[in-house]
Amino acid sequence: MDKIKTYLKRFGAIMAQPVIATILGLLVGAVFIIASDENPIEIYQTMFSRSFLSPYYLSQTLTRATPIIICGIATAAAWRAGYINIGVEGQMITGSFAATLAAIYIPLPGPLLLIVSILLGMLAGSIYASIVSVLNMKFGSSIVICTLMLNYVANYIASYLVSYPFMDPYGDGISLVTQTIPESVQFVKLSTTNNLSIGIIIAAIVVIAFYFMERKTVFGYESKMTGFNPNFAKYGGVFERKVMLKTLALSGAIAALAGICEIYGSKYRYTDNMFTSASFAWTGLMAALISNLHPIGIFFTSIFLSGLQVGGQAIQRTSSIPIQMATVIQSSITLFVSAKLGVQFFSKWRKQKKQEPAKPQESKGGAETV
Amino acid sequence: MFLELKNITKTFGKTVANDNISFGLNKGEILALIGENGAGKSTISKILYGLNKPDSGEIFLDGKKLKIHSVLDAIDHGIGMVQQHFMLFESYTVAENIVYGKEPKKNGFFDRKRAAEIVRELGDEYGLHIDPDLKVEDCSVGMRQRIEILKVLYQNADIIIFDEPTAVLVPQEIEELLKTIKDLAKRGKSIIIITHKLQEVMDVADRTVVLRQGKFVGERLISETDIKELSYLMVGRGIPPREVEKKEPGKLVLDVEDLRYKHEGVSILNGLSINVHEGEIVGIAGVSGNGQTELIQCLTGLLKPDSGKVELCGEDISGKSVREIRDLGCAHIPEDRYEFGCARKADLEETSIMGYEHLPEFSSKGLLNEKHNQEFALNLLDKYSVKYDHMGEPAGALSGGNIQKLIVAREIEHNSKFLIAAEPTRGVDIGAQEFIHDRLMDKRNRGDGVLLISSELSEVMSLSDRIYVIYDGQIRGEFTRAEADTNKVGFLMMGGQNGQD
């Protein structure tokens with residue numbers, strides 16, 4: 001009992017900041033809503049009733065949340081070890097595209113095809129992420145920049161592939177699409193009225209598995225220490241390159257799974273730009289940042305953020321508020337969370353200022369604090 | 001009283017750095033401000049020099065109340081400070097550094113010739129000779145300190161504060177500095193010297209003020225006290241002298257021959273050879289920056305040496321990984337506890353198991369054995385009396401001495417045949433220092449080999465069975481405990497060659 005209590009206490013302490021940021025974010029949104037001559041209370045009411053409070057909309061929200069949760073975990077997997085992977089989108093595209101092709105073209109019986117294609121997709125995602133590890137080890141290239149740029153590479157290559165070799169000529173005529181994946185690999189649905197599938201359960205399993213990996217495994221420990229202080233890890237005998245290879249490969253594989261859940265669970269085929277326009281990866285990144293990389297936090301924050309987006313569509317239909325309001329609120333929350341760093345910095349700076357009323361002479365400037 | 005501090009109180013957050021401290025300074029007097037780390041010596045001197053502002057209390061100079069808001073105010077009132085870490089422009093000349101901030105001018109331009117003259121005149125007056133046209137980057141540590149002193153004199157200081165002035169010096173330089181300080185006092189300068197080295201206090205000061213945990217605990221005339229009493233005042237209890245158990249060294253544990261390492265074309269280790277036996281503490285004395293860091297890193301696998309033999313317990317370890325070397329029996333208390341010894345955000349359990357996590361009791365099949373690991377961490381914390389709040393506390397929240405104790409605990413409890421202890425007591429208070437020294441002795445008495453690398457000569461001298469002196473990446477001399485003497489070792493530390501004085 002006590003253990004649960006202290007755990008809840010700690011979880012509360014971690015989540016306090018995001019909750020405050022969320023309230024502030026909603027207040028910022030309210031200002032804009034008032035400025036557009038609408039009643040913020042009514043708008044928020046509509047927004048939340050059309051995202052969380054009715055079963056239909058809730059399942060809509062959860063469908064959208066599925067890839068976002070997994071993207072958030074993919075981000076956290078790399079960031080916690082100190083490797084800033086912002087290429088989840090690219091890894092997601094590569095992995096899910098590979099899985100889709102495998103599902104369409106490999107002649108295997110249903111259940112086996114499901115497993116084989118998912119594994120192939122995750123392998124593709126992790127190989128794509130590993131390119132960055134190799135570049136970093138061989139040439140010392142920046143992980144941030146490489147992962148970011150490879151997003152575009154992945155999206156354009158997929159664009160080409162879906163425009164020419166793998167285009168379905170009998171597609172919908174509006175966008176470029178591949179063929180539909182066989183029914184035998186499509187995820188089981190949890191709802192009769194919309195697309196909610198067992199993808200959300202897979203997302204929950206990913207969250208729990210990640211949580212377990214992070215706390216209970218040697219790899220989780222070593223990568224966490226590498227993230228905290230790479231020199232400390234090296235000194236203790238952790239082989240940094242191995243950690244980087246494993247971490248980025250894992251992150252890429254999880255990212256691939258996010259895309260696979262979206263395709264196998266609700267869209268059933270790859271559509272050109274489907275992941276970039278929905279910005280799953282970036283919303284997942286925001287969720288990871290807001291919840292301080294805590295997996296359980298990522299789970300709920302992702303659902304909340306996708307609720308905002310689903311609710312945003314609803315208010316666009318019923319009022320003069322455009323869907324971009326959801327983005328405003330979401331970005332404000334992220335800003336307020338990152339503001340915590342700013343606040344800490346500011347209070348430190350003020351304290352220093354108080355101690356040194358006048359600027360000390362330059363040559364003596366290196367005053368140490370006690 | 002020339003200078004008087006009355007009821008000075010200064011707090012940083014919850015910590016009270018100075019608690020209602022009062023003392024005075026006479027003209028021409030040398031006052032030693034002594035206390036352990038964190039006793040509040042530095043804070044009070046920074047208040048005097050305008051770097052910190054007191055929460056309450058008053059300062060009087062010649063009976064007049066002083067308001068010191070900044071360093072410039074302090075300098076205006078004739079208060080100067082020679083800081084522990086020198087603040088000099090490396091690529092400028094000695095003269096330029098000394099006159100900086102108050103340059104002699106001719107037709108509105110900097111008068112370089114006059115600056116050099118000023119430095120020569122000052123040097124002649126106070127017996128602090130130095131070539132004014134030398135670049136600071138070419139100056140030794142002792143010379144740099146002389147530049148700082150000249151700078152303070154140039155600013156016409158009547159009160160000079162020395163903050164741990166001997167921490168960076170070798171014995172011969174220390175002797176010279178103490179002479180300079182006495183000389184300055186004779187010429188009417190009033191001096192405050194902050195230190196925790198009691199022998200120096202006895203050698204140079206007229207009077208001493210003792211601080212403990214931010215409080216004033218006493219004041220003694222040097223002629224009426226001794227080291228024993230002062231250390232009792234400082235620590236709050238007596239410290240018995242160390243007794244060294246006789247021990248015959250056993251088999252060879254570490255054997256290094258002709259170790260060489262170059263970094264970006266600069267030779268750092270130039271054919272260094274050392275060895276350590278079972279049941280022996282071998283000290284490496286030397287001014288920091290003479291290859292100690294690289295030596296440690298080559299021995300532990302963090303760096304790959306260019307050539308040379310490194311054998312641990314008879315096995316060649318050059319080219320082996322950190323983990324392989326650790327598993328062969330090499331534990332390592334790192335030089336810098338925050339850079340290598342821990343991660344500030346890691347909790348105490350995570351800090352405790354580093355380097356063990358892959359061992360069978362600590363994990364199996366990639367899964368951590370939580371129950372065992374927690375017990376293990378608790379045992380370390382308990383056995384080494386580390387003060388902490390709770391296990392989930394981040395290492396960065398512990399005080400320096402306590403985190404150091406935990407690191408020492410972790411490395412010693414490896415029960416390895418060989419331990420590298422680099423600066424094991426840097427920046428920790430006397431209590432923790434004694435404790436750590438005792439643990440190193442225990443390790444030796446159990447029959448393990450210890451390589452002690454420290455820039456604190458007294459530490460090396462008191463613990464080591466054998467001492468090597470390192471200079472410029474080479475061993476310049478080797479002494480047994482009986483042969484070693486501060487002067488001989490100090491001479492070699494400065495680059496002197498054996499056989500010539």
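Guide: A nonpolar core is a set of buried Ala, Val, Leu, Ile, Met, Phe, Trp, Tyr and Cys residues joined through C-beta atoms within 7 Å, where buried requires 20 or more other C-beta atoms within 10 Å of the residue's own, with C-beta atoms placed from the backbone. The model here is predicted, so local features need pLDDT of at least 70 and side-chain atom pairs count only at pLDDT 80 or more, while totals for chains, interfaces and linings use all residues. Residues are numbered from 1 along each chain as its sequence is written, and chains are lettered from A in the order in which they are written.

Visitor: Which residues touch the most other members of the largest nonpolar core?

Guide: Among its 241 residues these are A:I70, A:I73, A:I254 and B:L452. Helix α10 of chain A (residues 240-267) supplies the largest share, 15 residues, a helix being a DSSP run of H or I of at least four residues, and a strand a run of E of at least two, numbered from the N terminus.

Visitor: Why does this core lie between two domains of chain B?

Guide: Domain bounds come from an automatic or database domain assignment; domain 1 (3-235) and domain 2 (252-346 + 388-493) of chain B both give residues to the core, so it lies between them.

Visitor: Is B:V282 buried or exposed?

Guide: B:V282, in strand β15 (residues 280-285) of chain B, counts as buried because it has 25 C-beta neighbours inside 10 Å. Contact means C-beta atoms, placed from the backbone, within 7 Å; leaving aside neighbours within four places in sequence, the contacts of B:V282 include B:V276, B:L452 and B:Y468.

Note on methods:
Buried ≥ 20, exposed ≤ 12 C-beta atoms within 10 Å, placed from the backbone. Contact = placed C-beta atoms within 7 Å.
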